[in-house]
Amino acid sequence: MKSPLPLKNPHQDQQIFRHRVWFAVAFVVFCFLCLLARYTYLQIFQYGQYNSAADKNRIRLQAIPPARGYIYDRNGVLLADNYPVFTAVINRADIENLEDTLKRLVPVLDLTLDDLNKFRHRAKSTRKTEPLAIKLNLNEQQIARFSELKYTFPGVNIETKMTRFYPHAELFAHVIGYVGRINEKELGELDKNAYAGTDLIGKIGVEKFYEDLLHGKPGYQYVEADAHGQVLRHLGQTPAIRGNDLYLSLDYGLQSIANAQLSGRRGAIVAMNPHTGEILAFVSNPSFNPNLFVTGIGHTDYNNLRDNPDQPLYNRALQGAYPPGSTIKPMEGLGGIHYNLVNWGTQIYDPGYFHLPGDAHRFRDWKKSGHGTVDLNKAITWSCDTFFYVLAYRMGIDNMHDWMTQFGFGAKTGIDLPNESSGLYPSPKWKMQKRKSKWLPGETISVSIGQGAFTATPIQLAMATAITANHGHHVTPHVLRESKGPKPYHVLNAPDGKVQFNGTEQDWNNMRDAMVNVIRSGTGGRLKIGLKGYEIAGKTGTAQVKSIAQGKRYNEAALDERHYDHGLFVGFAPADSPKIAVAVILENGKHGAAAAALARPMFDYVVHQMEKNPIKPAQSSITGGLMTAGMKPQEISEQASQINRPAASPTPSLASGEE
């Protein structure tokens, strides 16, 4: 009988158990060593990478936009201010689905398609970590709606940002200009670091020309934020540097007077210091409210401005190219002396017309019966066209062009404002290049009285008048008088050249006396009424808007009002020691004397009041800014509209045919 097998082998079981234990221990130790190795690798070799990633989630670098520099007039009157507005800002780093967030924000913040497109364009060319504004100048209803739904918009916040405000609205719009949202084209040309956190940039006027001075330098701050982008605490910052403050040569009082003279009329007035080139007044009328453009003008407001037949957005003082008419006769007369073609004793007989040798076409004088025997002084005093027809025939277009361009005609003056027009002083070379035809002798005659293809801007006429008042010393017109701030900038307030003239100082004095006679007894005689303590030297002009056929007479009654002749005037005062040179263009003003009447209150103010007691607005809008004044923009606008500005003087009645 076989022996039974044992049911259990204790020795074998113990050995198997011991092996399993050691295997388990070895496996645990192996896993632990792997974890330890990985931990060591991450802590030692990958520390920098993951520490940086963690800080990005916790600590962020935010740009601090610089405050824009203030703009003042020559007496410290505040013309461009900074004002805080509520702004919706998006931090894309905290948003998973940006398009969904934008879609849901549309009804909350009343976003327009233009708002969305501008945001998307800017988002393409900026860092994802840089917060971007999507809506400026939020109103109370928009802020309330957003506050109720804030928890559904992680990464979207309402912040206070500084924007621009122009307390005098239309009064300085065409010279100061305005700022607006940075567009796609500008964004591609800007230094993104210099404009980090900035939403506005100068668009026209002083705001654009001196953008580099006004903008300043952005700062940066480190902040600790939670997972929703909410700032928990500030960890340090590099402060922003505010832009330079600009003090312009403009005088608030003179600007107000000039604006009042043009009230309800189309035209432009430019006044400058003939010795320094400083612009004292710069008015284009009608004007517009630049505050509409700062945070984005609505379609209705823009269409109203764009479609207005009076063109309020058109800067007539800088871009308006008009036939200068007889206002250029003093400069032209000096050209005749320069080329030794006439002198102060030269006389011609004026029967009321002139014709070129061998040509039956008559170039008419404004006075049908003529002026009889005329010398240069009388030709200026009574604006005798025939005298200048004869002079032009003797001088020739090439000499006329070379001489008159020394006074700035046919070229930009170089004023420190963008988008200046150059006007046109025609020449045979110009006509061949532009019109592919030869110059005709009759065109020289038309140019001699500021007609034909000859056009000039009000700023050019003001500069040419200043050069004449300054005995040929050239000055470049400019509106900046002084810049104060971290960026150095030098302004030249002095002549920068001289007209090459073969005459004498007495010839300049004689021309001044002839222009004084225009006011004493000539075509500008009504300006002398009530004149006290000084003399005005001036020249009137009339520029045809609608041509008149040969043999026909000017019939004002048969013309549409917008086809009436333009009235022009240039002058300076006091005549013997000029402080101001003025150019006036009164569109469809019929006669030069009407334009001259607008300049008289300006002369009186500069001579008798400007230096001693300049006109200023209410104290609350002088220096210091809205923040320190404690006023809202609408309050200042209401107050500005109530300021008693000088009323426009009535235009004197004119005899038929008067220049």
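Guide: Let us begin with Leu-36, whose place is in helix α1 (residues 10–45), helices being DSSP runs of H or I with at least four residues and strands runs of E with at least two, numbered from the N terminus. This is a predicted model, in which local features need pLDDT of at least 70, side-chain atom pairs count only at pLDDT 80 or more, and totals for chains, interfaces and linings use all residues. Residues are numbered from 1 along each chain as its sequence is written, and side-chain values use heavy atoms, with hydrogens and water left out.

Visitor: Is Leu-36 buried or exposed, or something in between?

Guide: Buried means under 20% relative accessible area and exposed over 50%, with partly exposed in between (1.4 Å probe, protein chains only); Leu-36, at 39%, is partly exposed.

Visitor: What should I look for in the interior?

Guide: In soluble globular proteins, nonpolar side chains tend to be buried together. A nonpolar core is a set of buried Ala, Val, Leu, Ile, Met, Phe, Trp, Tyr and Cys residues joined through side-chain atoms within 4.5 Å. Here the largest nonpolar core has 132 residues, of which Phe-282 and Phe-409 touch the most other members. Helix α22 (residues 592–608) gives the most to this core, with ten residues. A second, separate core of 18 residues includes Val-108, Leu-111, Ile-143 and Phe-146.

Visitor: Where is Ala-67 found, and which residues does Ala-67 touch?

Guide: Ala-67 lies in the loop between β1 (59–64) and β2 (71–72). Counting contact as heavy atoms within 4.5 Å, and leaving out residues up to four places away in sequence, Ala-67 touches Asn-82, Leu-214, His-215, Arg-242 and Gly-243.
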